[in-house]
Amino acid sequence: MTWAATRPPVVERVKKDVSSVASMLQRVQDNAARDRAGGSKLKDPPGQVASGGGVVGNLGPANAAVAAGAGAAIDDLILRLEGAALISSGDRIQLEDDILAALPRLDPARVVDLISRTYASEPLRSAHLLHGLTRTLLPSLSRLGSPHLIRTLGVLACWTVHTSSVDSEGKPRFADELRTFYVTACADLSLRLMDIVPRDLSQLATALSMVGLAEERFFSSLARAAVARSDRFSPDEMASVAGAFGGASFFHTDLYQASARCLRAHASAAQPPDVVRTIGTLALGCVRDAALTKVAADHLHQGLACGVAIGREELCSFVWSCCSLGFYHEPLFQAVLGLMSDLSNLPQEALCQLYETHLALKAFRKDSYRRFELKGEVLKSLRSQYKKLKGGKAREVRLERASEKLHKDIADTLRIVVEDSVSRQHLTDLGFPVDLAVTRHRGASTVAIVEVDGPHSLLRSLDPSAHQPGHASRLRGGVLLKRNLLQKQGFSVVVVSEELWRNLGDSRDRRDLLRDLLKKAGVPKERLQ
């Protein structure tokens, strides 16, 4: 990878999974705003009318008058949407009814535009209208082209998250009719996957992961479609698709490897966000490609040396990804940490990544790190903010209901096996939250840390080999980094699989399992019962 001397500074920030749908919605709304400045986008040219597939040819005078009347009615809807905050509740209900009545008469592009405008009007962003929209759209999903249906799903996914409460597992809780709409839309799109353009594939995966409807069969088909056409993807598009899979807690080896190949093939033209996102995706699934990571690190380091404006958030993300992958690039690490004397304006995730990068360098590259180590007030502030973000009841990892019960069962069994105290969601001195900890009654020193492998720490594999024993899941990169650092700091770390625990139905077998694991981790026999 090389930087052209005339290359303009790049300031684009790395998009998170949820932002790809939100940014798409913003583009639709921006287009609508521009159209209002030069005339409504929803208004047909004189003598033309919209059909299911778009605008059809000139009509006779009588039909032209009908078309003009329909255009005027849509213009009226737009004006009423813009003033929705000022009208009475009765007029607002009438406006909702008129929007629902207008949708079946519009062509697909206008359906997306009207729904986006409606969502942008906060007074109308209600669960009641959302349900009405899905009921109206459901019978005619097949007439919406793939791009329009995916954009519609993106807007409705944002709307669903906005109006829904969350269940005990942190997933949106919504009515069955909404679920039926999303499932039906996915069934329709599953027949078109090979024809959907790359960016729409990533937006589709993101929308479904947002509403917690990550169905394995559909995502498997989506992954195969992306891999089969990976040579047509840009690095950003490929990383977006793979990142959406991570957001849905899925892993697909071929998809992640295709993302790496895509970056390698477009290395000379890759932008920093593309590089950061691709390596971040590989780090999420612990997919190590040392040669590619070195090329990427060299690329970013050269960019910084040439004065290319790369966001500090992106740099924090990249060096953290390198640590998760066990890769060290001293010139880049030194350059990045040299930019972190001021922690202001860094988002929470970047602060956490920076602190974990510091811990990793301190643990695994102690001698070379001394030359550019974070120290003093910067490190004190960083550690304080990290513990604040990671600790406390409000920051506990939200577990699925079944996992919550299982963690409690393991804790109760541990109290029988050890003579010390057992706590759940324990915060270590380093600031890492762990699933369970065994601590001495006096002095509160940690005897052992018990981590539980389950949905909160694993990615579900969609590989064909996932149906074979031992291949059904993959550890998240951040979890692996945390455990490596805890062990490097001298903690005895025990890992219990949820699947194995459930298969051990007998309480005696479960106690014996914990005793054996604690002994192998180095816990003295005298501390066991």
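Let me begin with a term: two strands pair if DSSP finds at least two bridges between them, and the strands themselves are DSSP runs of E with at least two residues, just as helices are runs of H or I with at least four residues, both numbered from the N terminus. What I am showing is a predicted model, in which local features need pLDDT of at least 70 and side-chain atom pairs count only at pLDDT 80 or more, while totals for chains, interfaces and linings use all residues. Residues are numbered from 1 along each chain as its sequence is written, and side-chain values use heavy atoms, with hydrogens and water left out.

I will start with the sheet. Four strands form an open sheet with mixed pairing, in the order β6-β7-β8-β11. The edges are taken by β6 (421–427) and β11 (493–497), and because each has a single partner strand, one side of each is left without a neighbour in the sheet. On average, and ignoring direction, neighbouring strands here are turned by 30 degrees against each other, where axes are lines fitted to C-alpha atoms, for helices over the stretch in contact, and angles run from 0 to 180 degrees between N-to-C directions.

Going across the sheet, β6 and β7 (residues 433–439) run antiparallel and are joined by six bridges, with Pro433 in β7 as the bridge partner of Leu427. Two helices pack on this sheet. Helix α19 (residues 401–417) touches β6, β7, β8 (446–453) and β11, and its direction makes about 145 degrees with that of β6, contact here meaning heavy atoms within 4.5 Å. Helix α20 (residues 477–488) touches β7, β8 and β11, with its direction at about 165 degrees to that of β8.

Continuing along the strands, β7 and β8 are antiparallel and joined by four bridges, and Thr439 stands opposite Thr446 in β8. By contrast, β8 and β11 run parallel, with five bridges between them, and there Val450 stands opposite Val494 in β11. Seven of the eight residues of β8 are buried, that is, under 20% relative accessible area, with exposed meaning over 50% and partly exposed in between (1.4 Å probe, protein chains only).

Leaving aside neighbours within four places in sequence, Val496 is in contact with several residues, including Ile410, Val450, Trp501 and Leu517. The C-alpha atoms of Val496 and Val450 are separated by 7.2 Å, although these residues are 46 apart along the chain.

Now to the backbone. Most residues other than glycine have a negative phi. Gln425, in strand β6, is not a glycine and yet has a positive phi of about 50 degrees. Ser249, in the loop between α10 (235–247) and β5 (250–251), likewise has a positive phi, of about 65 degrees, and Ser249 is buried, because its relative accessible area is 19%.

Helix α12 (residues 272–284) has 13 residues and reaches 18 Å from its first C-alpha to its last, close to the expected 18 Å, the expected span being 1.5 Å times one less than the number of residues. In α12, 11 of the 13 residues are buried, among them Pro272, Asp274 and Arg277, and just after this helix Cys286 takes a positive phi of about 55 degrees. Helix α6 (residues 146–163) has 18 residues that should span 26 Å, and its end C-alpha atoms are 25 Å apart, which agrees; its buried residues include Ser146, Cys158 and Trp159.
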